[in-house]
Amino acid sequence: MLGELRRLGIEDARVLEAMDQVPRHAFVERFWRVPPSLEPSGGPELQEYRVTDESSDTVLAQVYDASAAILIRRSDPGVPATSSISAPVIVASMLSELQLEPGQRVLEIGTGSGYNAALLAHLLGDPALVTTVDIDPSLTTEAAERLRTLGYEGIEVRAGDGALGVPDRAPFDRIIATVGCVDLAPAWVTQLAPGGTMLVPLEHGAMHPRVLMWCDQSETRPGPATLRGRFVGRSGFVRVQGIQASRIIWPNESPPPTDPVTTPLPSAVAQVLDPSGLDRGNPVAARAIWNFAIYLAVRDRRASRIMTLSDESSRAWIRSGGLATHGSLGPALGRRLLEIAADWIDLGCPGLDRYALRFEPIPSVAEGGGPDSKSSPWSIDRIDYRQHLTLDSPAP
Ligand SMILES: C[S@@+](CC[C@H](N)C(=O)[O-])C[C@H]1O[C@@H](n2cnc3c(N)ncnc32)[C@H](O)[C@@H]1O
């Protein structure tokens, strides 16, 4: 696993050392394997595994596959899973992105198995510096017991809605959500220590790109803090439950119909967006597709799956062989999709690293708006925060 993580670009020696020390297989008894795609679907085809004292190499190979998440809680087949242990490459990336220093206090939203909490304790040098909360009390009971048995006594494991934070353990130098959130929570901002940062996989179309955010130090206005942020990586997580769950910003719906009308793509679009690149595992083609999907979801709330716009039962999507449309609104959705693709190409095909983010509390927006509320080209209203997005100039 460590060799594979290095090959995938993980360079942080302290994180690799922690992942060497903390036995991932000790955090799971029964699991289902998720294919290395973005959205854990929890479909009926998933294979179940059990980790026992005599576990075979095959089972351990699944647990230690650097690129694959494993599901640890799912109810009915076909219903999305509610808990997973993220792929080691995502766990390692997030721990590196947090830039942890020994002695810092950390809040984790989404205890799951307790694996990431143990890694945090290892990196901070003291389990008592870690507080972790999960909405599923059956998970926190198991995780607390497991962490104790494995020698991580002192990690504070709480059951509850992470959107409320854990006020009696605040302030925190770092807050990390390991679940796909719809918004940042005002409680996290209040519980963040001065100079602290938060790392949140934030729902965006059908994805949860990770956003690193910090309080805006240049702020002079009174009232709730605004935050600045950057996208730091691409990922897909199980969706948040509880307070944030009822807000739907993008309608991520069922798979596309099988009988679309397909027309050729304009050549400028076909040159950069080639969906067959995903199947062939071509990393350049895949990066372009994901980058366009991010931009599409910024521009249109009807963005659902990757490179798809949908409205009621109509949809349009870019697929191998052209532009597919279905339903009475399909042709109009198709024109809009190509228009947004042309804009993205004109902007230089921006990726995650080109966006500057700003999060402004929505009440203050209603009271007359902050400095960016009119000047930023795009914004997304979440629950408590309006996310503004601007593009940096392309690198020379
Ligand atoms: C990807 S798993 C976390 C994996 C975990 N960090 C680990 O190392 O095993 C996401 C977890 O978030 C939890 N969750 C979902 N909504 C939540 C909420 N509102 N507050 C706290 N936890 C939540 C789920 O129950 C699930 O266990």
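Okay, let's start at C349, which sits in the loop between α11 (330–346) and β16 (355–361). Helices here are DSSP runs of H or I with at least four residues, strands are E runs of at least two, and both are numbered from the N terminus. C349 has a positive phi, near 50 degrees, and isn't a glycine. Its relative accessible area is 24%, so C349 counts as partly exposed; that label falls between buried, under 20%, and exposed, over 50%, with a 1.4 Å probe and protein chains only.

Quick note: this is a predicted model, with local features needing pLDDT of at least 70, side-chain atom pairs counting only at pLDDT 80 or more, and totals for chains, interfaces and linings using all residues. Residues are numbered from 1 along each chain as its sequence is written, and side-chain values use heavy atoms, leaving out hydrogens and water.

Now, the sheet. Four strands make an open, antiparallel one, ordered β12-β15-β14-β13. β12 (261–263) and β13 are the edge strands, each with a single partner, so one side of each has no neighbour in the sheet. Pairing means DSSP finds at least two bridges between two strands. β13 and β14 have four bridges, antiparallel, and D311 stands opposite S314 in β14.

What lies in the loop between β13 (308–311) and β14 (314–319)? E312 does, with a positive phi near 50 degrees, again in a non-glycine residue. E312 is exposed, at 73% relative accessible area.

Last one, elsewhere: the A170 to P171 peptide bond is cis, omega near 5 degrees. P171 is in the loop between β7 (156–159) and β8 (172–177).
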